[in-house]
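Me: Please take me through the strands and sheets of this model. Keep it short.

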Amino acid sequence: MLKILQQHYLATGDQRVIKVMTNYFRYQLKKLPEAPLQAPRGGAGGSWWARQRGGDNLMSVLWLYNITGEKWLLDLGDLIYKQTLPHTDYFLKGDVLKLQGSHWDTIYEDRAFHCVNLAQGIKSPLIRYQQDHDKRHLQAVSKAFLDIETIHGQPHGLYGGDEGLHGWELHRGSELCSAIEMMFSLEKMLEITGDIDFADRLEKVAFNALPTQCTDDYYARQYFQQANQVLVTDHARSFFDDNGYRIVYGLLQGYPCCTCNLHQGWPKFVQHLWMASADRGLAALVYGPSRVTAQVADGQQVTIIEKTNYPFEDTITFIIKSENPVNFPLHLRVPRWCRQAKIVINGKEYSRPDGGQVVVMKRSWKSGDQIQLTLPMTLRSSHWFERSAAIERGPLVYALRIEEHWSEVELSAPKGVPKDAMHRGYRECLPGSPWNFALMETTLNDLNNKVKIIDHGVQSENPWNLTNAPIELELQGVRLPEWTLYNHSAGPVPRSPVRMPNHGHLETIRLIPYGCSTLRIVAFPWVNDRR
């Protein structure tokens with residue numbers, strides 16, 4: 001609710017928000033000493049969840065302090081931090097992230113992380129860093145991401161966490177709320193630090209994990225998605241927390257939290273496309289078509305129009321609009337995956353910066369000036385569970401194109417409840433083409449020569465589906481007869497390298513952006529064919 005109030009204030013300037021938040025935080029300052037975020041056994045206070053997610057509470061307190069300057073808010077910040085799960089200590093120690101939740105008692109005893117609590121809590125150290133400037137917080141977040149990737153990582157930028165963290169097997173679920181909350185955490189951490197690692201991670205989640213988990217009309221969503229997902233049906237799977245129907249596309253399947261949360265993803269991503277910089281300029285640290293009007297320098301107003309089909313194309317154009325020439329710095333991020341970018345200003349080359357930095361262009365800008373940023377996207381591979389391989393290009397991960405057969409499943413509403421009010425039916429999706437392919441090692445070793453890129457261009461306002469996928473990759477694969485379904489999921493990916501199947505022959509396969517897929521293989525086994 002505090003986040004909703006902040007959003008309302010940012011949109012409207014409604015001063016009632018400042019009043020109600022001030023009153024509420026005075027109440028917290030008075031009550032938390034006797035009724036803490038998590039109540040002691042038999043005592044007064046809040047819940048286990050409130051302690052886990054106290055960093056969001058602290059974030060709102062510090063946001064209000066930056067507006068009002070009321071010193072007592074910093075005292076409240078200290079109190080909330082002391083009552084919140086000590087993420088910095090846990091992340092630095094590393095043990096919790098290495099444990100896998102096997103039952104709810106493990107989660108509630110803080111011996112393993114709940115998937116959404118981790119997505120929210122990972123920003124807590126950097127929220128606190130604003131107040132105490134302890135560099136341990138920076139180290140803790142870096143170590144947490146390294147541990148997550150090593151023990152639980154998935155190609156789409158998130159982790160195996162079907163409620164409890166559950167390793168990096170590719171059939172493990174990933175909750176929609178995890179994607180939404182991790183995006184917001186990365187947005188706030190980027191805002192605080194300017195560290196482009198957070199921007200790279202943010203784009204990976206936003207352009208891969210997020211769009212696939214909702215239907216095009218946003219009337220249905222998955223509670224869990226799978227990285228290797230070949231069957232979307234109401235069946236039990238090898239999840240930590242599974243009632244069978246949590247992978248289908250519905251309005252209320254699984255917990256309703258994801259239905260309440262899914263709308264935050266894109267709007268808050270758009271909010272963070274542009275940021276003010278400390279040197280009175282503007283920073284574009286994540287990219288997408290947009291328009292921003294802001295005050296820069298000594299209060300002069302400027303508008304920048306960003307035109308692009310990124311992440312499907314590598315060129316981003318910025319057009320300056322202002323009444324008079326204005327001198328201010330413009331910050332542009334060059335992602336780490338980009339070997340060398342190219343910046344052109346008004347048709348003349350400005351620089352060719354290497355990847356992994358923010359380029360600052362401080363100059364006098366006039367209306368009509370154009371900056372063109374080109375971020376060449378080369379193919380690369382990454383390796384996951386059982387040495388499987390995923391193919392990436394720019395911020396996008398690519399997945400096997402599998403034909404989709406959708407169907408509607410009707411369910412009866414409870415007695416006395418109008419059917420239309422519940423939308424209790426759901427959508428299933430079955431494969432219409434083979435999925436059990438392996439790639440060739442020689443292809444993985446020479447992707448940019450062995451893979452054909454087919455660029456259809458962005459032809460639709462919604463490119464995030466099988467029909468409208470703007471880019472395809474064409475390459476060779478071979479079917480593995482022994483790789484079959486297990487418990488209604490793609491069986492455990494065979495450890496690579498695998499042997500060439502008897503009578504196996506190469507077939508042409510196509511990959512599409514992960515976010516455009518419903519059914520897919522994203523992490524492939526591979527055959528040693530170097531002989």
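Me: Which residue in strand 15 is the bridge partner of N327?
Reply: This model is predicted: local features need pLDDT of at least 70, side-chain atom pairs count only at pLDDT 80 or more, and totals for chains, interfaces and linings use all residues. Residues are numbered from 1 along each chain as its sequence is written, and side-chain values use heavy atoms, with hydrogens and water left out. Strand 12 (residues 326–334) pairs with strand 15 in the antiparallel sense over nine bridges. In strand 15, the partner of N327 is S364.

Me: In what order do the four strands of the open sheet with mixed pairing lie?
Reply: Strands are DSSP E runs of at least two residues, helices are H or I runs of at least four, and both are numbered from the N terminus. Two strands pair if DSSP finds at least two bridges between them. Strand 7 (275–276) and strand 15 (357–365) are the edge strands, each pairing on one side only. The order is 7-8-12-15.

Me: What angle does the direction of helix 13 make with that of strand 12?
Reply: Helix 13 (residues 196–212) packs on the sheet and touches strand 12 and strand 15. Contact means heavy atoms within 4.5 Å. Axes are lines fitted to C-alpha atoms, for helices over the stretch in contact, and angles run from 0 to 180 degrees between N-to-C directions. The angle is about 60 degrees.

Me: Which strands stand at the edges of the open sheet of six strands?
Reply: The order is 9-10-11-16-13-14, with antiparallel pairing. Each edge strand has a single partner, so one side of each is left without a neighbour in the sheet. They are strand 9 (290–296) and strand 14 (348–351).
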